[in-house]
Each structure stands twice: as structure tokens, then as C-alpha cells.
Amino acid sequence: MGQQEVASGEDREQRHRFSHALLEDLDALERMVRDGWMERGVRRIGFEQEMFLVRGSGRPAPLAMEMLAQLNDPAFTTEIGLYNLELNTEPALLAAGCLSALEAQLDGALARARQAAQALQADVLLAGILPSIQLADLELRNLTPLPRYRELDRMITSLCGGEVRTLIQGRDNLQLALRSVMLETCNTSMQLHLQVNVDALPFVYNIAQLVAGPVIAAAANSPLLLQHRLWHETRIPTFEQSVDIRSAPDRQRDTWQRVHFGDDWVSENILDVYRDQLARHRITLMRDTGESSIAILERGEVPKLRALSMHNGSLYRWNRLCYGVTDGRPHLRIEHRPIASGPTVLDEVANSALFLGLVLGLEAEVGDVRSRFTFSDAKANFIAGARYGLEATMHWGQPRALPVRELLADTLLPIARRGLLGAGVSAAECDRYLGVIVGRIATGQNGARWTLDAYEGMAGVANRVARAGAVTRAIMRRQWQGIPVHEWGAPQRDEATEWTTHCSTVSELMTTDVFTVRPDDLVDLATGVMEWKHVRHVPVEDDTGAVVGLLSHRTLLKHWAKPGGTVASVTVRDLMQTDVVTVGPLDSCRNALRLMREHGFGCLPVVHDGRLVGIVSERDFLPLAARWLEAV
């Protein structure tokens with residue numbers, strides 16, 4: 001994932017060379033597995049921590065390159081968005097003290113990151129999806145300016161026909177058509193790696209698939225996307241759709257997405273995972289792979305399998321199989337990808353303990369789960385856990401669906417504890433980290449539930465953007481106190497009312513539930529709309545959503561006051577004002593107010609990417625005016 005010198009899969013000769021290297025890499029891996037080259041008897045864990053960079057207001061801070069220069073630490077690296085960053089921990093043996101050491105390592109590294117961010121007047125936030133991120137943030141100016149990301153964006157949008165389309169249905173519905181892959185920048189996760197003996201890997205991989213549903217239900221922390229209440233773990237459908245390049249025939253044939261859970265248990269040969277990927281997914285990104293992996297192997301050296309790793313890194317199974325080399329010995333490991341960042345480091349290590357304990361416990365107690373569980377139940381549980389979090393119901397080898405809180409408390413937590421103890425993890429660590437999961441089960445509160453409750457409890461705040469900003473700041477206040485999310489209290493009244501202190505952009509004031517008319521509509525209709533909905537201004541838009549005029553209450557009064565003002569054939573086009581001044585959602589409130597005063601307008605249409613997204617009027621500035629007067 002970190003390789004930056006890449007090319008697309010469009011050059012035929014280069015694609016053929018890369019395809020040959022891919023096949024050689026797979027052949028080399030098969031030989032290493034067959035001939036006993038793979039490291040055995042060692043279980044290691046590793047951790048990738050993604051994070052957001054934010055301002056004190058909670059807004060995204062596109063400062064990744066400045067942050068990396070400030071940190072000067074190879075453990076930190078870029079992600080696709082300039083307001084994202086990634087931290088990689090050192091692999092550690094799965095043994096007594098490993099979870100406590102992981103927590104301490106994360107705390108220390110994130111403290112360094114926060115110190116670097118604060119020197120740039122910013123901060124670090126752990127969240128699956130940043131509640132305050134807005135559609136206007138998803139511009140290519142916020143794409144990390146490195147070759148891999150530029151090529152990924154160009155390739156994905158090209159294969160999608162120029163637009164990446166998204167439809168996610170939840171409590172609200174969100175439908176988007178973006179001309180880039182920037183929706184992917186809304187997501188950050190914690191990715192847990194588990195090194196496994198290659199002969200046990202098929203069984204362990206299937207167990208990782210089986211437990212993904214209950215784990216994501218307990219860990220869900222992404223309920224808001226662009227201020228829409230969707231799934232409890234909205235990262236799942238967001239990521240799946242943000243890089244979905246399938247054609248219409250592909251979709252009709254149920255061709256696999258590049259981000260997917262799978263359609264069946266893996267076989268006894270774990271390398272079928274790689275074979276499936278080569279068979280099902282076209283090459284998109286390539287790089288120079290250097291010397292033949294077979295030639296390296298025949299010299300008695302361990303190859304890096306650069307082509308296989310590059311292709312694997314452009315595919316995103318929720319449990320991904322990864323090849324690596326540690327101290328000169330090759331290994332295979334599972335990368336568990338569904339779990340969101342946050343809400344705290346303690347919560348993240350608790351999520352890791354639950355996953356690891358379940359995998360190890362079920363490996364010891366069941367082994368081959370295919371004889372007791374159906375894959376369709378495992379996949380349905382995964383979707384249910386992502387959609388409903390701790391409110392989901394799941395099938396666990398029995399006809400009756402169980403509430404996931406009951407399943408976790410009565411069945412899965414005891415298995416997880418036995419699994420961790422069997423791996424040498426201390427009883428004190430089990431109590432600390434699994435105790436966090438017990439707390440979530442008892443209260444019903446994980447990150448997703450707290451965020452939704454906080455968002456809905458701020459209904460009096462101006463609009464959805466301002467509410468989401470207030471929720472983001474409430475998370476920021478709690479995140480670094482070391483208190484797990486199930487113990488977080490609801491935002492206080494002043495946290496809901498203080499939004500005016502941070503309000504700086506038009507998006508935090510504007511009304512998005514806008515009533516519009518078309519140029520050829522009758523003025524009688526426009527008059528009715530304004531009367532019925534108690535609005536004084538109606539934007540006029542064409543069929544593409546572009547603003548072409550504005551109709552005001554004042555203009556209508558002048559029209560009706562004229563002799564013949566009741567002529568039924570008068571259209572909006574005849575009366576609308578065409579010299580419309582607009583603002584963008586991220587324009588400052590002060591600039592919008594200045595424009596209104598200079599031009600004598602009572603409102604301004606808010607336009608993004610050529611389309612109307614809201615309207616801001618004099619009335620919307622009243623809360624800010626009160627705050628400004630108090631400051632005088």
C-alpha cells in the first residue's frame with residue numbers, strides 16, 4: 001500500500017510483464033509453502049492506525065505533508081487524503097503483556113502526533129468517519145499529491161465512466177455522484193494483523209470471517225457520513241462503493257467488488273485466495289518488480305513478491321491475506337480491516353482483544369468452522385453488525401436469531417477470554433480489555449450509539465453541518481481523557497449552544513431544505529410556494545441544478561401592485577433576478593454577510609460544483625449577530 005512509483009494497467013506491454021511477474025510470484029509462494037520455507041510456531045500481531053487531522057473547530061485540516069515533516073518519524077505515513085495520516089506499529093509477539101504494550105505504544109505515538117499537529121494549530125482525531133466532513137471537502141485539492149494516489153484516482157474514475165456513484169440507505173438516504181475517489185478519504189480504520197502458521201491458516205481465516213460480524217457490531221463507530229445517519233458502521237458500504245469499478249454486465253453477474261467480504265469459506269489451500277484475486281480482478285496498478293522472484297528463490301534467498309503485493313494492495317477484502325518477511329523468514333498473515341478508528345485507544349485495543357480472543361478460542365475449540373456454521377450466516381451477520389451495531393440480531397449455528405448483546409455476553413466473551421489466556425495473555429489484560437466490551441454490552445453504548453445520541457440531542461443547533469461540528473468537538477473533548485466510550489456522558493447543554501463560537505463557514509448557517517422553481521413555472525406557482533412555506537426568496541434553477549435566477553418576495557409585491565399584475569401567463573423567467581451573487585459552502589460567514597450588504601440582497605444561494613446546495617439569508621445570521629454583539 002505504501003509504494004508510490006506506480007503505473008496504470010493500460011500499457012499493454014507493461015501489463016504483460018507485470019502479469020508474468022504476478023504468476024512467478026504466485027509460483028514462488030507456492031514453492032515456499034510446499035518446501036517449508038514459511039516461518040512456523042510464531043504468532044505476531046501488528047497494527048495500522050489511521051487518523052484524521054482537524055482544526056480546533058473540528059473541521060478537516062489538510063496538513064498531512066506538513067505533519068510528516070514536523071514528525072520526521074518513519075512510523076507515520078500518508079493516506080489518500082491530506083487530512084488523513086497513518087501510523088504503523090512494530091510487530092509484536094502475541095504473549096503476556098502484548099496488549100498493554102500495544103496500548104502504550106499507540107498512546108505514545110499519538111501523543112507525538114498531537115504535539116506536531118498542535119504546532120500547526122491542529123489536532124488529531126480518531127473516528128471511523130469524521131462527522132464534520134462535508135461534500136465541499138471532497139475536492140481533488142485535498143488528495144495527497146503523490147503518484148500512487150493520483151493514478152488511483154485517475155484509474156478508478158476512468159473505469160467508472162467519469163463518476164463514482166454511491167447510494168447508501170439508512171435512517172437517512174445518501175446518494176452521490178463524485179468525479180473522484182475522494183469519498184474514500186472520509187474513512188479511517190484500525191487494521192489488525194495476525195501472523196498464522198500456514199497449515200492452520202485456512203481454518204483461522206474462516207474463523208476471522210465468522211467473527212467479523214459480532215466484532216464489528218461491538219466496535220461500530222461510523223454512523224454519520226456527510227451529516228446523514230446511515231449504518232452504525234457506514235465505512236463498510238462507503239468503502240465498498242467508493243472504489244467499485246464494475247460495469248453493468250459485471251453487476252448482473254455478481255462479479256466481486258474490489259472491496260468485499262467474500263462468497264464462501266476458503267478451501268484447505270489458502271493460496272486459492274490469491275488465485276481467486278488473479279482470476280476475478282483485472283490489474284489496475286503496476287510497478288517495476290525487479291529481478292524474477294523464482295531466480296531469487298533458486299539462489300536460496302527469500303523474494304519480496306513485489307508484484308503479488310502490489311496487486312493484493314489494490315484489493316480490499318475485509319479479511320485480507322498478506323505476505324511478509326521478518327528477520328529473513330517469510331510468513332503469511334491475516335489483516336482484519338473492518339474495525340473503525342476510535343473512539344479511544346483503550347476502545348481500539350479492546351476491539352483487538354475481542355477479535356484475537358475469538359479467533360484463537362474458536363481455533364482451539366472448533367477448528368474447522370465450516371461443519372458448524374454456514375457462510376451465508378457469517379456474511380449476513382457481518383452486514384447486520386455493520387448496519388445496526390449493538391442493536392443487531394445474528395444467527396450463530398442455531399435457527400433462532402439472537403440479539404448480538406446476548407450472543408456476546410453469553411457465548412462469545414467466554415470463548416475470547418479462553419483464547420487470550422491460551423495464547424499467554426495475562427488475566428489482568430483480559431479483564432482490562434474484555435471488560436470494556438462488557439461495559440458496552442451492559443450500557444448498549446459503543447461509539448456509533450453515542451454519536452447518534454449526541455447528534456440527535458443537538459436538534460436545536462442551526463443545521464446538520466453545525467450539529468455534526470458540535471458532535472465532533474464533543475468527541476475531541478472526551479477522546480484523550482482515557483475513558484472508554486461506554487462511560488461517556490451525553491454532551492452538556494453548553495456544548496450544543498456553543499456552536500456559534502466556532503461557526504465560521506456558510507455551511508454551518510445555510511438552509512439545505514430549499515424550495516426552488518424553474519424559469520418556465522408560472523409566477524402563481526412561485527407565489528404559492530413562498531406563501532405555503534413562509535419563505536421570502538426562491539432560487540430559480542435549470543434542469544441540471546444550476547442557479548439561473550432568484551425570485552424575491554419584494555419582486556412579487558411590486559408585480560402584484562402593478563395594473564395587470566394578475567396576468568396568469570406571467571412566468572418566473574419574466575420576473576426573476578438574473579444577476580445572482582452566490583457563495584460556496586466553505587466560504588466564510590463574514591464574506592457572505594459582506595456580499596449581502598454590498599449588493600443589498602436578503603439572501604445568497606449556496607453553490608457547490610455548479611449546483612445549488614443551500615441558501616443563506618439575513619435571518620440565518622441572527623444567532624451570530626447576537627454572539628458578535630456580546631463580544632463588543
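Helix axes are lines fitted to C-alpha atoms over the stretch in contact, with angles from 0 to 180 degrees between N-to-C directions. The model shown is predicted, so that local features need pLDDT of at least 70 and side-chain atom pairs count only at pLDDT 80 or more, whereas totals for chains, interfaces and linings use all residues. Residues are numbered from 1 along each chain as its sequence is written, and side-chain values use heavy atoms, with hydrogens and water left out.

**View A. Helix 1 crosses helix 10.** The axes of helix 1 (residues 12-34) and helix 10 (residues 306-313) come within 7 Å and cross at roughly 105°, with helices (H or I, at least four residues) and strands (E, at least two) taken as DSSP runs numbered from the N terminus. Helix 1 is therefore roughly perpendicular to helix 10, a term for angles of 65 to 115 degrees. On the side of helix 1, Phe18, Ala21, Leu22, Asp25 and Leu29 meet Arg306, Ala307, Leu308, Met310 and His311 of helix 10, where contact means heavy atoms within 4.5 Å. Sorted by class, this contact of helix 1 with helix 10 has seven nonpolar, one polar and two charged residues (Ala, Val, Leu, Ile, Met, Phe, Trp, Tyr, Cys and Pro count as nonpolar, Asp, Glu, Lys and Arg as charged, and the others, Gly among them, as polar).

**View B. Helix 5 meets helix 11.** The axes of helix 5 (residues 201-219) and helix 11 (residues 345-365) come within 9 Å, crossing at roughly 145°. Helix 5 brings Val204, Ile207, Ala208, Leu210, Val211, Val215, Ala218 and Ala219 to the contact, and helix 11 brings Asn351, Leu354, Phe355, Leu358, Val359, Leu362 and Glu363. By class, the residues of this contact between helix 5 and helix 11 are 13 nonpolar, one polar and one charged.

**View C. Helix 5 also contacts helix 13.** Here the axis of helix 5 and that of helix 13 (residues 404-422) come within 10 Å and cross at roughly 115°, which means that helix 5 is roughly perpendicular to helix 13. Pro214, Ala217 and Ala218 of helix 5 make the contact with Val404, Leu407, Leu408 and Leu412 of helix 13. The contact of helix 5 with helix 13 has seven nonpolar, no polar and no charged residues.

**View D. The second largest pocket is lined by 35 residues.** Its volume is about 890 Å³, a volume being the space filled by probe spheres set on grid points joined across faces, edges and corners. On a 1 Å grid over the protein atoms alone, a pocket is an open set of points with protein on both sides within 12 Å along at least five of seven lines, a cavity is a set where a 1.4 Å probe fits but cannot get out, and lining residues have an atom within 4 Å of a point. Leu135, Ala136, Leu176, His608 and Val613 are the lining residues closest to the centre of the second largest pocket. Strand 8 (173-178), helix 16 (464-479) and strand 22 (611-617) each give two or more residues to this lining, and strand 8 provides the largest share, six residues. The lining of the second largest pocket comprises 15 nonpolar, 13 polar and seven charged residues.

**View E. The largest cavity is lined by 16 residues.** The structure holds four cavities of 30 Å³ or more, and the largest has a volume of about 90 Å³. Ala127, Pro131, Asn221, Thr451 and Ile475 lie nearest the centre of the largest cavity. Helix 15 (447-457) and helix 16 are the elements that give two or more residues to its lining, with the largest share, three residues, coming from helix 15. The residues lining the largest cavity are eleven nonpolar, five polar and no charged.

**View F. Backbone details at Pro343 and His534.** Gly342 and Pro343 are joined by a cis peptide bond, with omega about 0°, and Pro343 sits in the loop between strand 16 (329-336) and helix 11. His534, although not a glycine, has a positive phi of about 55°; His534 belongs to the loop between helix 19 (523-533) and strand 19 (537-541).

Terms used: Angles under 35 degrees count as roughly parallel, over 145 as roughly antiparallel, 65 to 115 as roughly perpendicular and the rest as oblique.
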